[in-house]
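Here is a short briefing for a reader who is meeting this structure for the first time. Please look at the sequence and the model first, and then go through the points below topic by topic.

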Amino acid sequence: MISVENLTKRYGPHPAVDDVSFQCEPGTVTGFLGPNGAGKSTTMRMICGLTTPTAGRATVSGHPYRELPNPGREVGVLLDASAQHAGRTGREALTLSAYTLGLDKREVAAKLDLVGLNAVAAKRRVRAYSLGMRQRLGLAQALLGDPRVLILDEPANGLDPEGIFWMRGLLRDFADRGGTVLLSSHLLREVEAVADRLVVIGGGRIVAQGSKDELLAGGGTVVRARDDVALRRALEAADLTAADSADGLLVQADAETVGQAASDAGVALTELRPAGSGGLEQLFLTLTAGESTREAVR
Amino acid sequence: MTTTTAPTAGAVAPRHHSPVRRPSLLRLTAVELRKLVDTRAGRWLLITIGLVVVAVVTLLLIYAEDAEQTFGTFFVTSLLPANVLLPVLGILSITSEWSQRTALTTYALVPRRERVVAAKLIAVVLAAVASVLVAVAVASVGTLVASATGGAGTWQVGATLIVNGVIVQVAVVLMGAAFGLLLLNTPLAIVGYLLLPTLWSVLGEMVRPLRGPAEWLDTSRTMEPLFGSDALTGGQWGRLAVSLLVWMVLPLAAGLVRTLHREVS
């Protein structure tokens, strides 16, 4: 359980994170979406007590992070896979964390095994690791204390498609067993497949949040008929607004309503489907449009 | 990729633990001690100190006058390599967390940063004490060899000599750590540590009005009496205390405040 209440971080006059609030419930994966520089990482660092918020508060399992007695046993954190000592071996990096957490050394081997870093890789210095291997090591570190909450910043970066697929399975499984997952990404496709809930941030502000289905439904329905004019008339008769889109008419209603309207008017459809991820992508793009360019020149 | 194996599926169920306790300071100190030796840089820094100590004692055995080949001479000379390199160890133990960005992990696991800093200071103090033990051991071997090869080989092992050695080594390693905490940047801290107190030596020599303050602020002068077997006089203690207040206690305090509030990213 993660609870974020009105978190704000200002650097000088500029708010990097502006009045952000959301909750992550046990048993769910929350995708934290936004373009680069939107404030995702800053928000996550504030949740983990690494950055002091200008205003607002965040709790993990009911406590401010800094007040958790042994945070690694409650929350697994992966904020930057590159933040490892280049001169330590993967195994050594995990061993240090295991000592700090008061865990048995066997946990190190078990977690290395879990993330797919074999004995050869574990003995290598992190300097020689690819970004994908560093992500796996970081994930092993996050999972080390068998936490109930996972906070992962762009964990899919550098993973190959097989690795991304594997990680989705791992996170889904973790949530299905009652865990809470918050993972960020700047790529919609990456979180869409695994998240139950989405929190979309742009320019430091939350621009949309809700269940994935809710946000998807907001995308509307795509419908197509051989007789385009008849279809438009049918939709108009049913009081539905239709907009042109690349692959048919985009209607702000669910498929059942649209199908019924067409049927009532006797129009034969060639296609009827939820706008689906395309709609969500549209939403993501429009919600965050301009933000990324503004970030880039700041 | 050849270095990754097919991961075992599942087995990441969140478990409910019995209430967990925070890591003890002892545990954190053990972790920090391990960090001093688990990288090539750290390990070689310590090995270098040991090798240079052996080298200087060997040189003394070959070139020093027979009458000077006493335990006291060997011991005091053995302190010098560590006296130069221990501050670097102190600096690195603090700053490498930031330069290598491991602070992100360290302070995520132990959000009470002052406990990590305390553990680091204890760890480098232990390293300084260990360096004095090495000096005693190497000096003892040197004295034995000297008595066998015609040198004086005198054993005048006063407790004051050893205690002075411990004080000076602990002082320099903490000064290093203090500069590291304050500047949080390896090159800056090393240059600062070497430059600032030395600046006083130079200025004290050149500028007449500064000669007085330099006696109190130049650590190379205030620590000099510690490389001897005599107990320090009241005045010498006073000057040592003032110089350490300025170059160790103040940066340590300011550095702690800075470290506690710094954003980790």
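This is a predicted model: local features need pLDDT of at least 70, side-chain atom pairs count only at pLDDT 80 or more; totals for chains, interfaces and linings use all residues.

**Helix packing, cores and chain contacts**

In chain B, helix 6 and helix 10 cross in a left-handed sense.

**Chain B as a whole**

- Chain B has 10 helices and zero strands, and read from the N terminus its elements run α-α-α-α-α-α-α-α-α-α.
- Taken along the principal axes, the C-alpha atoms of chain B fill a box of roughly 75 × 50 × 40 Å.
- Of the 265 residues in chain B, 41% are buried.
- When contacts in chain B between residues at least 6 apart in sequence are considered, 79% of them join residues at least 24 apart.

**Helix 6 and helix 10 of chain B**

- The axes of helix 6 of chain B and helix 10 of chain B, the latter spanning residues 234-261, come within 7 Å and cross at roughly 40°; the two helices are therefore oblique to each other.
- On the side of helix 6 of chain B, the residues that meet helix 10 of chain B are Ala171(B), Leu174(B), Met175(B), Ala178(B), Phe179(B), Leu181(B) and Leu182(B).
- Helix 10 of chain B answers with a set of residues that includes Leu244(B), Trp247(B), Met248(B), Pro251(B) and Arg258(B).
- Sorted by class, this contact of helix 6 with helix 10 of chain B has 14 nonpolar, two polar and one charged residues.

**Helix 2 and helix 5 of chain A**

- In chain A, the axes of helix 2 and helix 5 come within 10 Å and cross at roughly 20°, which makes helix 2 of chain A roughly parallel to helix 5 of chain A.
- The crossing of helix 2 and helix 5 of chain A is right-handed, and the contact is made by Gly90(A), Ala93(A), Leu94(A) and Ser97(A) of helix 2 together with Leu137(A), Ala140(A) and Gln141(A) of helix 5.
- The residues of the contact between helix 2 and helix 5 of chain A divide into four nonpolar, three polar and no charged.

**Nonpolar cores**

- The largest nonpolar core has 132 residues, and those with the most contacts inside it are Ile47(A), Ala140(A), Ile151(A) and Val173(B).
- Helix 6 of chain B, residues 159-183, contributes the largest share of this core, 14 residues.
- Leaving aside neighbours within four places in sequence, Val173(B) is in contact with residues that include Leu86(B), Pro87(B), Leu89(B), Val124(B) and Ala128(B).

**Ala234(A) and its surroundings**

- Ala234(A) lies in helix 9 of chain A, residues 228-237, and counts as buried because 24 other C-beta atoms lie within 10 Å.
- Not counting residues up to four places away in sequence, Ala234(A) touches Ala261(A), Ala262(A), Ala265(A) and Val267(A).
- Although Ala234(A) and Val258(A) are 24 residues apart along the chain, their C-alpha atoms are separated by 9.2 Å.

**Contact between the chains**

- Between the two chains, 52 residues of chain A are in contact with 42 residues of chain B.
- On the side of chain A that touches chain B, helix 2, helix 3, helix 4, helix 5 and helix 6 of chain A each supply at least two residues, and the largest share, six residues, comes from helix 2 of chain A.
- The residues on this side of chain A divide into 23 nonpolar, 17 polar and 12 charged.

**Two residues with positive phi**

- Most residues other than glycine have a negative phi.
- Ser61(A) is not a glycine and yet has a positive phi of about 50°; this residue is found in the loop between strand 4 and strand 5 of chain A and is partly exposed, with 17 other C-beta atoms within 10 Å.
- Leu184(B), likewise not a glycine, has a positive phi of about 50°; Leu184(B) is found in the loop between helix 6 and helix 7 of chain B and is partly exposed, with 19 other C-beta atoms within 10 Å.

Technical notes:
Residues are numbered from 1 along each chain as its sequence is written. Chains are lettered from A and ligands numbered from 1 in the order in which they are written. A nonpolar core is a set of buried Ala, Val, Leu, Ile, Met, Phe, Trp, Tyr and Cys residues joined through C-beta atoms within 7 Å. A residue is buried if 20 or more other C-beta atoms lie within 10 Å of its own, exposed if 12 or fewer, and partly exposed in between; C-beta atoms are placed from the backbone. Helices (H or I, at least four residues) and strands (E, at least two) are DSSP runs, numbered from the N terminus. Two residues are in contact if their C-beta atoms, placed from the backbone, lie within 7 Å. Ala, Val, Leu, Ile, Met, Phe, Trp, Tyr, Cys and Pro count as nonpolar, Asp, Glu, Lys and Arg as charged, and the others, Gly among them, as polar. Axes are lines fitted to C-alpha atoms, for helices over the stretch in contact, and angles run from 0 to 180 degrees between N-to-C directions. Angles under 35 degrees count as roughly parallel, over 145 as roughly antiparallel, 65 to 115 as roughly perpendicular and the rest as oblique. A crossing is left-handed if the near helix is turned anticlockwise from the far one by less than a right angle, and right-handed if clockwise.
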